[in-house]
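Dear colleague,

I am handing over the structure below, and after it you will find an account of what turned up when it was examined. Please read the notes beside the model itself.

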Amino acid sequence: MAQQHIDHEQGSVKRELKTRHLSMIALGGSIGTGLFVASGSAISTAGPGGALIAYIGIGLMVYFLMTSLGEMATYIPVSGSFATYAGRFVDPALGFAMGWNYWFNWAITLAVDVSTTAIVMHFWLPHIPGWIFSMFFLAVIFIINALSVRSFGETEYWLSIIKVVTVIVFLIVGFLTIFGIMGGKGPAIGLHNFTISKAPFVGGIPAILSVFVVAGFSFQGTELIGITAGESATPETSIPKAIKQVFWRILLFYILAIFVIAAILPYTSKDLLGSGASDVAISPFTLVFRRVGLASAASVINAVILTSVISAANSGMYASTRMLWAMSKQHIAPKIFGRVNGRGVPVAALLMTTVVGLFTFLTGIWGPRIYLFLVSASGLTGFIAWLGIAISHYRFRKAFIAQGHQLSELKYHAKLFPFGPILAMVLGILVIIGQDLHAVKTFDWQALGVSYMSVPLFIILFTYYKIRYKTHMIPLDEVDLTKIHHD
């Protein structure tokens with residue numbers, strides 16, 4: 001017991017994140033290229049109405065997931081977050097699989113984002129080799145995370161503010177354009193583009209389902225708030241507050257932005273087909289700003305996309321490092337990753353994550369096939385994490401009542417239980433299945449392998465741990481609900 005105590009003394013992270021950091025981390029985590037670029041392709045696929053339905057559906061699912069996570073994170077605030085909860089409330093094998101799965105996902109995402117910085121920088125400096133930019137930004141992100149958790153939080157705060165201001169300006173300009181106050185001569189556009197040709201709904205339910213997947217990817221990162229709980233100065237007050245703010249902001253930003261884009265640009269426009277950072281010139285945001293006469297629109301939006309990508313890479317580095325640290329604390333990752341330096345930074349975990357990110361990035365240069373393999377392998381892991389959160393919360397609440405606790409003991413209550421986690425489970429499974437409906441229909445094994453690779457990887461991790469340690473689903477009356485104080 002004494003040994004365990006020393007372990008925690010040596011290896012505790014610092015609680016230095018304030019409410020404003022948490023709100024911006026969760027918000028910044030979900031505003032990225034998904035909103036600035038890919039939102040256009042969602043409209044061209046399912047039409048304005050279909051895109052709105054898909055984003056509202058995923059928005060609701062994310063809200064319930066956030067409240068589920070919030071209820072558990074205010075009761076037991078730990079950096080391992082949902083992997084810890086899955087291991088404690090459902091089955092240790094689920095916690096093991098979710099933790100490693102999530103770490104892998106963010107380490108790969110870090111590499112993808114670092115590669116993207118090169119594409120974005122090429123907009124201004126096309127003649128400089130891309131890897132120079134990527135290495136530079138990877139080094140910067142490493143330094144930010146190596147300094148302290150506060151430097152991570154502060155960087156994320158300011159990067160997120162740039163994104164938020166851009167979206168607000170875009171919405172104001174957009175609405176003024178729709179009502180004919182800005183943007184050229186002639187009558188106001190109004191809602192004419194919602195009714196042209198086959199709009200508002202194009203392609204029926206299959207199209208909406210495929211946009212569900214796009215919307216789901218856009219919202220990935222909101223669950224970061226659970227990981228920051230372990231380093232929040234006041235988790236009981238700041239997590240509920242951040243969750244409340246984030247939901248409304250995401251809903252307003254995404255739903256209103258899609259509404260504005262769909263009203264100004266018809267779904268038939270070829271310009272809506274861009275989906276990556278290289279398509280900045282045809283980003284819906286660029287097109288709308290251009291329309292009102294902002295000549296340097298593409299440059300401005302490119303700069304914002306650059307901040308988005310750096311912010312996503314920064315969050316990815318943080319999330320994967322903390323997940324690896326927390327898994328070491330639970331003895332499901334090597335002990336060395338549990339060590340932290342005097343500033344509360346888990347350096348070994350940070351280095352390991354950076355190495356995986358760097359390796360993945362290098363395969364993008366030397367072996368594009370390996371790179372694509374790794375990227376697709378991490379594709380669905382975010383949705384698997386969401387499913388795990390919903391299942392863990394469902395079991396947490398059941399165990400809480402089964403062991404004679406009162407709901408009044410919880411500082412924060414998830415709304416509409418059990419409807420919330422059940423809806424999240426159903427939608428989560430739908431999104432995972434709907435990932436590549438065409439490949440399912442045509443039995444295209446190669447495409448199926450690429451699209452659904454995360455699922456067998458997760459099952460392998462889960463089965464390995466289950467067989468090796470003979471774990472079982474924890475009975476409700478044996479679920480460990482003790483609060484953790486050392487993290």
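For the linings discussed below, Ala, Val, Leu, Ile, Met, Phe, Trp, Tyr, Cys and Pro count as nonpolar, Asp, Glu, Lys and Arg as charged, and the others, Gly among them, as polar. The model is a predicted one, in which local features need pLDDT of at least 70 and side-chain atom pairs count only at pLDDT 80 or more, while totals for chains, interfaces and linings use all residues. Residues are numbered from 1 along each chain as its sequence is written, and side-chain values use heavy atoms, with hydrogens and water left out.

On a 1 Å grid over the protein atoms alone, a cavity is a set of points where a 1.4 Å probe fits but cannot get out, and a pocket is an open set with protein on both sides within 12 Å along at least five of seven lines; lining residues have an atom within 4 Å of a point. Grid points are joined across faces, edges and corners, and a volume is the space filled by probe spheres set on the points. Helices, cited by number from the N terminus, are DSSP runs (H or I, at least four residues).

The structure holds two cavities of 30 Å³ or more. The largest cavity contains about 50 Å³ of space, and its lining consists of Gly59, Val62, Tyr63, Met66, Ile243, Val246, Phe247 and Ile250, which divide into seven nonpolar, one polar and no charged. Both H3 and helix H10 (235-264) supply at least two residues of this lining. The second largest cavity, with a volume of about 40 Å³, is lined by Val62, Leu65, Met66, Leu69, Thr222, Glu223, Trp386 and Ile389. Here H3 provides the largest share, four residues, and the lining divides into six nonpolar, one polar and one charged.

The largest pocket has a volume of about 1500 Å³. It is lined by 47 residues, of which Thr33, Thr109, Val112, Phe217 and Val375 lie nearest its centre. This lining divides into 19 nonpolar, 24 polar and four charged residues, and H5 supplies the largest share of it, nine residues.

I turn next to the salt bridges (a side-chain nitrogen of Lys or Arg within 4 Å of a carboxyl oxygen of Asp or Glu), of which a search of the whole structure finds five. For accessibility, buried means under 20% relative accessible area, exposed over 50%, and partly exposed in between (1.4 Å probe, protein chains only).

In one of these bridges, the side chains of arginine 20 and glutamate 154 meet at 3.0 Å, N to O. Arginine 20 lies in helix H2 and glutamate 154 in helix H7, so the pair ties together parts that are 134 residues apart in sequence. Arginine 20 is partly exposed, at a relative accessible area of 34%, and glutamate 154 is likewise partly exposed, at 24%.

Another salt bridge joins the side chains of glutamate 71 and arginine 397 (2.8 Å, N to O). Since glutamate 71 lies in helix H3 and arginine 397 in helix H15, this pair ties together parts that are 326 residues apart in sequence. Glutamate 71 is buried, with a relative accessible area of 0%, and arginine 397 is buried with a value of 7%.

Arginine 322 also forms a salt bridge, with glutamate 231, the closest N and O atoms being 2.6 Å apart. This pair links distant parts of the chain, with arginine 322 in helix H12 and glutamate 231 in the loop between helix H9 (224-228) and H10, 91 residues apart. Both arginine 322 and glutamate 231 are buried.

Most residues other than glycine have a negative phi, and most peptide bonds are trans. A cis peptide bond, with omega about 0°, joins phenylalanine 417 and proline 418, and proline 418 is placed in the loop between H15 and helix H16 (419-433). Serine 197, in the loop between helix H7 (149-178) and H8, has a positive phi near 50° and is exposed, with a relative accessible area of 62%. Lysine 470, found in the segment after helix H19 (454-469), has a positive phi near 45° and counts as exposed at 67% relative accessibility.

With best regards
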